[in-house]
Amino acid sequence: MLNFHIITLFPETIEAYLNASILGRAQKEKKIKISYYNPRDYVSPRAKLCGAGTIGKQVEGRLDYKKTDGRPYGGGPGMVMLAEPVLKAVSKALAKTKTSKTKPKIYIFSPAGQIFDNVLADKLAGFKKGKWSDKLMTKHIVLICGRYEGLDARVKKIFKATDLSVGPYVLTGGEVPAMIVIDAITRRLPGVLGKDESIEERRISSSEIYTRPEVLTFNKKKYRVPKVLLSGHHAEIDKWKLKKK
Ligand code: SAH
C-alpha cells in the first residue's frame with residue numbers, strides 16, 4: 001500500500017476530491033492510504049494579540065486562537081507559515097513510517113520546485129522501464145502544502161525535503177498540487193484503473209475520443225464519429241490515433 005501523508009491547514013479542500021470515484025475506491029481497496037495532519041492541531045490555543053496599540057491585551061472571544069503564521073523577517077508582503085507547527089505535524093507523519101523499509105519521501109509544494117511529471121509519478125509508483133514492482137514503490141510520501149507566502153525555509157533544511165511544483169503558475173496553496181500528485185501516482189498503480197492498459201504512456205492513446213451516438217445532431221447539424229473508428233480495423237485505428245495525438 002502507498003501511504004500519502006498530507007500536511008495542510010485546509011484538509012476539507014482536499015477530502016471530497018480524493019474520496020470520490022476512482023481515488024475513493026483505491027482507498028477502500030487499500031491500494032493507497034491518505035492521512036491528514038493539520039499544523040493547527042499542533043499549536044496550543046492562545047489569545048490573539050491585536051496590532052501595536054493593543055499588544056498585551058487579550059481579546060475576548062478569541063481565546064481559542066491558534067497561530068500558524070508570522071510576518072516575514074526582512075520585511076515583505078504576506079505571511080509565512082511558522083516552522084514549529086509544521087515540524088510537529090511532519091514528525092507525527094514520520095512516526096508512522098518507522099516500520100517501513102523504504103525511506104519516506106518528503107515534498108514541499110513550491111512554484112519554484114522541480115516540476116512534477118509522468119516520469120516522477122512512475123518512479124514513485126514503483127515503475128522501472130514500464131514494469132511495476134512493489135519493492136520499488138515508495139511506501140510513504142509526505143506532501144507539505146504551503147499557504148500564504150509559503151513555509152519558513154528551515155522546514156526544508158531540517159527534513160532535507162524536495163521542493164515540488166505542479167506547473168509554471170502560482171496558486172493560493174499546495175492543496176490542489178497535493179491532489180494532482182496523488183491522482184497522477186494512484187491511477188498508475190496496478191489494479192486502480194479498470195484496465196491497466198488505460199494508462200496512456202503504455203498504449204497508443206488519443207485525445208480525440210468518441211462514444212454513442214454514432215451521429216450526433218446539435219442545432220440541426222450532424223456530427224459523425226470518424227469512419228475509421230467504426231471499421232474494426234485495429235492497425236488503421238492505431239495509425240489514426242497516432243496522427244491525432
Ligand atoms: N510567493 C510564493 C508563492 C506562495 S503561493 C513563492 O513565490 O514561492 C502559496 C503556496 O501555494 C506555496 O507555498 C506552495 O505550497 C503552493 N503553490 C503555489 N503555486 C504552486 C505550484 N505551481 N506548484 C506547487 N505548489 C504551489
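Predicted model: local features only at pLDDT ≥ 70, side-chain atom pairs only at ≥ 80, totals over all residues.
Q: Nice. How many residues surround the ligand, and which are the closest?
A: There are 18 residues around the ligand. The closest are F109, G146, E149, Y169 and L171.

Q: Let's go to E149. What does its polar side-chain atom lie 2.9 Å from?
A: That atom of E149 lies 2.9 Å from a nitrogen atom of the ligand.

Q: Which polar backbone atoms come up, then?
A: Two to look at. A polar backbone atom of F109 is 2.7 Å from an oxygen atom of the ligand, and a polar backbone atom of G167 is 3.0 Å from a ligand nitrogen atom.

Q: How much of the ligand does the protein bury?
A: The protein buries 83% of the 550 Å² that the ligand exposes when taken alone.

Q: Switching to strands: which one gives the most to the shell around the ligand?
A: That would be β5, with 3 residues. Both β5 (105–115) and β9 (162–165) supply at least two residues each.

Q: Last topic, domains. What does the domain assignment give?
A: Domain 1 covers 2–200 and domain 2 covers 204–243, according to that assignment.

Q: And what separates their centres?
A: Taken over C-alpha atoms, the centres of domain 1 and domain 2 are 40 Å apart.

Technical notes:
Residues numbered from 1 in each chain as written. Heavy atoms only, no water. Domains from an automatic or database assignment. Near = heavy atom within 4 Å. Polar contact = N/O pair within 3.5 Å; in protein donor to acceptor, adjacent residues only side chain to side chain. Areas by Shrake-Rupley, 256 points an atom, 1.4 Å probe, with all protein chains shown as cover. Helix = DSSP H or I, 4+ residues; strand = E, 2+ residues; numbered from the N terminus.
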